[in-house]
Amino acid sequence: MSDLSTEVKQLIIETLDLEDIEASDINDDEALFVDGLGLDSIDALELGVAIKKAYDVKIDGNTDDSKKHFYSVKTLCDFIASTRA
Amino acid sequence: MKFAIKKCIAWGDGKTSVEDWYTFANNGSLNTETLTLPELKQMPAMQRRRLSPFAKLTLHCALAASESYEQTVPSVFSSRHGDLHKTSKLIADVANKEALSPTHFGLSVHNAVGGLFSIFTGNKAPLSAVSAGEDSFFMGLVDAVSKLHAYNYDRILYVYSDLAVPEQYQPYVQQNPDNVAVALLIEKSTSQACVNLEFTSHDTPNSAESSQLQALAFLRFYYSNNQQLVLDSKRYQWQLSHV
């Protein structure tokens with residue numbers, strides 16, 4: 001598990017008040033929304049703001065691209081890493 | 001205006017059970033005055049995680065008082081300050097030019113807890129949110145009882161809650177900093193025991209607000225043998241009696 005992935009998981013847990021979940025409970029490839037972790041549309045907004053704040057990345061609203069980026073922890077990490085390259 | 005209180009559920013500092021409220025109302029001492037939070041086990045964890053202490057207190061009372069009527073009963077939610085702890089954090093974020101949390105923003109509006117109640121119970125009956133300064137408890141009650149009669153409802157749920165305001169606001173509030181939530185299931189008066197509420201406005205307003213939190217004064221009246229409660233606020237005199 002990369003450092004960035006652990007960091008993102010921790011950010012998800014803290015931002016979304018997932019009290020009973022630990023970073024190790026979240027699978028890198030698992031869907032974050034609906035199935036999988038079970039996050040909803042309010043979480044999507046909240047997570048968008050948090051990621052923007054923490055990593056200074058630009059997220060384009062409700063586009064197909066941003067849906068892909070927010071699919072799982074892995075896709076999010078790839079997206080954050082790509083903006084740093 | 002007369003009405004019957006079919007159920008009363010309250011939660012405050014160190015006062016969570018009916019016994020606690022009886023002790024409080026009859027001048028007994030309580031072991032602890034610290035605020036604990038209701039668990040709200042009936043709510044799924046994924047919904048519960050977004051609830052602030054203010055929302056937890058309010059929803060606990062609203063759900064316990066409405067019980068089998070929770071899906072259909074119309075309601076009035078009153079609070080003087082609303083979720084001010086949440087609001088003041090947002091204001092601080094605005095001042096610091098930080099991005100606002102969408103969740104906190106959505107849940108800081110005055111009717112947010114009523115909305116959460118409606119979503120959780122699937123209740124689509126009319127619901128209103130009231131705020132009326134230091135008179136918030138009694139004015140909300142007036143609103144609820146008036147609606148009960150005007151629309152000829154079988155019953156209405158009245159919910160009031162306020163937490164002690166954040167420290168920076170305390171110099172502006174005369175009322176004692178207590179935390180309290182109370183929910184009443186109200187029906188029209190019958191031949192059985194009921195309550196009469198009257199109020200008159202002062203010809204000249206009092207110079208200062210009362211230090212008494214009206215909801216706590218009400219609970220002291222409700223759980224004691226006192227026949228009458230008379231309470232002056234800046235603008236009104238409130239009279240409550242058992243009939």
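The radius of gyration used here is taken over C-alpha atoms, and the globule rule it is set against is 2.2 Å times the number of residues to the power 0.38. The model is a predicted one. For the 85 residues of chain A, that rule puts a compact globule near 12 Å, and chain A has 12 Å, so the two agree. Laid along the principal axes, the C-alpha atoms of chain A fill a box of roughly 30 × 25 × 20 Å. Buried residues make up 21% of chain A's 85.

As for what chain A is built from, it has four helices and zero strands, which read α-α-α-α along the sequence. Counting contacts in chain A between residues at least 6 apart in sequence, 56% link residues at least 24 apart.

One pair of helices brings together α1(A) (residues 3-15) and α4(A) (residues 73-84), whose axes come within 10 Å and cross at roughly 115°. Angles of 65 to 115 degrees count as roughly perpendicular, so that is how α1(A) and α4(A) stand to each other. The crossing of α1(A) past α4(A) is right-handed. On the α1(A) side, the contact is made by A:L4, A:S5, A:V8 and A:K9, and on the α4(A) side by A:V73, A:L76, A:C77, A:I80 and A:A81. Sorted by type, the residues of this contact come out as seven nonpolar, one polar and one charged.

Over in chain B, helix α6 (residues 112-121) has B:A112, B:V113, B:G114 and B:F117 buried. Their cover includes α3 (53-66), β2 (75-78) and β3 (127-130), which also belong to chain B. Just past the end of α6(B), B:G122 takes a positive phi of about 75°.

Key: Residues numbered from 1 in each chain as written. Chains lettered and ligands numbered in written order. Predicted model: local features only at pLDDT ≥ 70, side-chain atom pairs only at ≥ 80, totals over all residues. Buried ≥ 20, exposed ≤ 12 C-beta atoms within 10 Å, placed from the backbone. Helix = DSSP H or I, 4+ residues; strand = E, 2+ residues; numbered from the N terminus. Contact = placed C-beta atoms within 7 Å. Axes fitted to C-alpha atoms, helices over the stretch in contact; angles between N-to-C directions. Parallel < 35°, antiparallel > 145°, perpendicular 65-115°, else oblique. Left-handed = near helix turned anticlockwise from the far one by under 90°. Nonpolar A, V, L, I, M, F, W, Y, C, P; charged D, E, K, R; others polar.
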